[in-house]
Amino acid sequence: MDGFDAAIGRTWTDERPGEFLTDLTAIGSRMGGSEGEARAAEVVADAFRDAGVREVEQDPFEMQAWQRGDSSLRVHGPVEREFETVALPYSPAGEVEGELVDAGYGTPEEIDDLDVEGKVVVASTTTPEGGRFIHRMEKFGYAIGQGAEAFVFVNHVPGQLPPTGSLTFGREAEAPAVGVSKETGAWLTEFAEDDASVRLTVDAETTTGQSQNVQGRLGPETDEELLLLAHYDGHDIAEGALDNGCGVATVLTAARLLSEAENELDRGVRVVAVGCEEVGLLGAEHLAESVDKEDVAAVVNVDGGGRFRDLVALTHTSESTGAAVERVSERANQPIEVESDPHPFSDQWPFVRAGVPSVQLHSDSGERGRGWGHTHADTRDKVDERNLREHGVLTALLVDELASTDAERLEQEELVEAFRELDFETGMKAASLWPEGWE
């Protein structure tokens with residue numbers, strides 16, 4: 001795309017990605033189904049239009065909105081002490097009293113070695129080195145499935161930062177759960193060794209609400225189209241700058257570049273900011289239901305892009321998208337790490353399980369886990385605006401590359417095998433995420 005060259009040059013000094021991120025994070029909470037998320041949708045829609053995206057519209061959908069109340073965790077043991085907590089989204093309201101049991105990383109193997117029946121399970125946000133990262137939903141679902149009455153999620157990042165994160169995809173969970181800081185977790189581990197008991201209370205409400213996707217178009221009208229996605233919602237305890245304000249800003253930067261050379265695109269591009277990712281990929285599921293997936297040539301999901309220095313492309317077993325990423329890396333003379341392992345925890349998932357070749361653009365912090373994400377510390381000051389611009393350029397180049405690529409569809413048998421090789425089956429079944437027909 002010869003028309004890219006001048007536009008790419010202008011991007012290096014463009015202040016608009018940072019200005020957009022400021023406007024988005026100034027809202028505060030963008031929790032799915034909330035007033036803040038609705039205001040954010042308006043900000044995104046205006047920014048899409050300003051970037052040259054055509055036919056911008058909001059597409060509403062009904063969802064289960066979770067509203068936070070107070071929560072507490074009081075230890076009864078060697079001492080009486082109450083600790084700061086953050087209830088996890090879709091936790092039901094309730095009060096549980098029970099013995100503490102420390103499940104370490106919270107893997108199924110660790111939980112199976114314990115008697116958790118009727119107890120309050122404590123588990124870390126991280127997982128052992130050498131294996132895949134086990135998601136919070138898997139740990140919670142397995143612990144409750146084995147008879148636990150409640151769940152406490154302990155951050156592995158220091159700084160008195162209790163973590164948040166949804167327990168389920170779009171529905172109220174089976175048991176109360178809270179997040180606590182690393183420092184609190186150290187106390188709970190010690191109290192569990194003394195067979196201490198706790199009283200955990202959560203005040204919360206799940207009601208019918210409404211969210212919305214924001215979408216528009218770039219490029220020619222073609223039978224097949226590419227989807228360029230990022231979720232714009234965030235958790236209610238922080239600004240959501242890294243997760244995923246950076247991703248939306250990256251998509252916006254890419255869209256502006258693509259709009260300046262859209263006559264050279266070989267396929268049309270649907271640009272979508274999806275809502276409610278953090279509470280169950282609900283916007284992506286709604287999008288997948290509203291398009292003909294046979295007409296989706298490929299999906300580029302920017303969840304994690306723009307946060308840190310080096311871009312990482314998660315290709316979800318797709319050799320075609322992996323090869324396209326490598327061509328972009330060579331073309332731009334920029335490193336992009338390609339990882340082929342699949343996972344079901346971001347907005348490409350409704351398309352991956354339908355066989356659509358997909359890539360999730362993430363970025364590498366050099367640390368294991370979310371870092372500041374899903375905590376009070378996910379704020380605008382953590383963002384380096386240079387990453388937004390650079391990753392926006394690379395995202396646009398990837399969309400251009402995929403627009404002229406006939407990417408092969410994903411085979412279900414190969415997907416199932418890949419998930420099983422990564423030991424996803426037990427955890428995904430515990431979290432009610434294993435697709436029907438994958439037996």
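These legends describe close-up views of a predicted model.

**View 1. Helix 2 crosses helix 7.**
Helix 2 covers residues 16–25. Its axis and that of helix 7 come within 9 Å. They cross at roughly 140 degrees. Angles over 145 degrees would count as roughly antiparallel, so helix 2 and helix 7 are oblique to each other. The crossing is right-handed. Helix 2 brings R16, P17, F20, L21, L24 and T25 to the contact. Helix 7 brings A241, G245, C246, V248, A249, L252, T253 and R256. By class, the residues of this contact are nine nonpolar, three polar and two charged.

**View 2. Helix 1 meets helix 7.**
Helix 1 spans residues 4–11. The axes of helix 1 and helix 7 come within 9 Å and cross at roughly 150 degrees. Angles over 145 degrees count as roughly antiparallel, and helix 1 and helix 7 are therefore roughly antiparallel. This crossing is right-handed. On the helix 1 side, the contact uses F4, A7, I8, R10 and T11. On the helix 7 side, T253, L257, L258 and E260 take part. Five residues of the contact are nonpolar, two are polar and two are charged.

**View 3. Helix 1 meets helix 11.**
Helix 11 runs over residues 385–403. Its axis comes within 9 Å of the axis of helix 1, and the two cross at roughly 160 degrees. Helix 1 and helix 11 are therefore roughly antiparallel to each other. Helix 1 passes helix 11 in a right-handed crossing. F4, I8 and T11 of helix 1 make the contact with R389, V393, A396, L397 and D400 of helix 11. The classes here are five nonpolar, one polar and two charged.

**View 4. The largest nonpolar core.**
In soluble globular proteins, nonpolar side chains tend to be buried together. The largest nonpolar core in this model has 60 residues. Which residues have the most contacts inside it? They are V44, F48, L228, V300 and L398. Helix 7 supplies the largest share of this core, eleven residues. Look at V44 and the residues it touches: F20, L24, V214, Y232, V248 and A273. That list leaves out residues up to four places away in sequence. A second, separate core has 30 residues. Among them are F61, A65, V122 and A192.

**View 5. A cis peptide bond at D243 and N244.**
Most peptide bonds are trans. The bond joining D243 and N244 is cis. Its omega is about 5 degrees. N244 lies in helix 7, which covers residues 241–260.

Most residues other than glycine have a negative phi. Q160 is not a glycine, yet its phi is positive, about 55 degrees. Find Q160 in the loop between strand 6 (150–154) and strand 7 (177–180). It is partly exposed, with a relative accessible area of 44%. H316 also has a positive phi, near 55 degrees, and is a residue other than glycine. Its loop lies between strand 12 (310–314) and helix 9 (319–332). Is H316 buried or exposed? Its relative accessibility is 0%, so H316 counts as buried.

F153 is found in strand 6. Buried means under 20% relative accessible area. F153 has 5%, so this residue is buried. What does F153 touch? Its contacts include L88, A123, S124, T125 and R136. K139, P163, V178, G179 and V180 are also touched by F153. Residues up to four places away in sequence are not counted. F153 and L287 are 134 residues apart along the chain, and their C-alpha atoms are separated by 31 Å.

**View 6. V79 and A196.**
V79 sits in the loop between strand 1 (54–76) and strand 2 (80–83). Its relative accessibility is 39%, so V79 counts as partly exposed. How many residues apart in sequence are V79 and A196? They are 117 residues apart in sequence. In space, V79 and A196 are 9.2 Å apart, C-alpha to C-alpha.

How values were computed. Residues are numbered from 1 along each chain as its sequence is written. This is a predicted model: local features need pLDDT of at least 70, side-chain atom pairs count only at pLDDT 80 or more; totals for chains, interfaces and linings use all residues. Side-chain values use heavy atoms; hydrogens and water are left out. Helices (H or I, at least four residues) and strands (E, at least two) are DSSP runs, numbered from the N terminus. Buried means under 20% relative accessible area, exposed over 50%, partly exposed in between (1.4 Å probe, protein chains only). Axes are lines fitted to C-alpha atoms, for helices over the stretch in contact, and angles run from 0 to 180 degrees between N-to-C directions. Angles under 35 degrees count as roughly parallel, over 145 as roughly antiparallel, 65 to 115 as roughly perpendicular and the rest as oblique. A crossing is left-handed if the near helix is turned anticlockwise from the far one by less than a right angle, and right-handed if clockwise. Contact means heavy atoms within 4.5 Å. Ala, Val, Leu, Ile, Met, Phe, Trp, Tyr, Cys and Pro count as nonpolar, Asp, Glu, Lys and Arg as charged, and the others, Gly among them, as polar. A nonpolar core is a set of buried Ala, Val, Leu, Ile, Met, Phe, Trp, Tyr and Cys residues joined through side-chain atoms within 4.5 Å.
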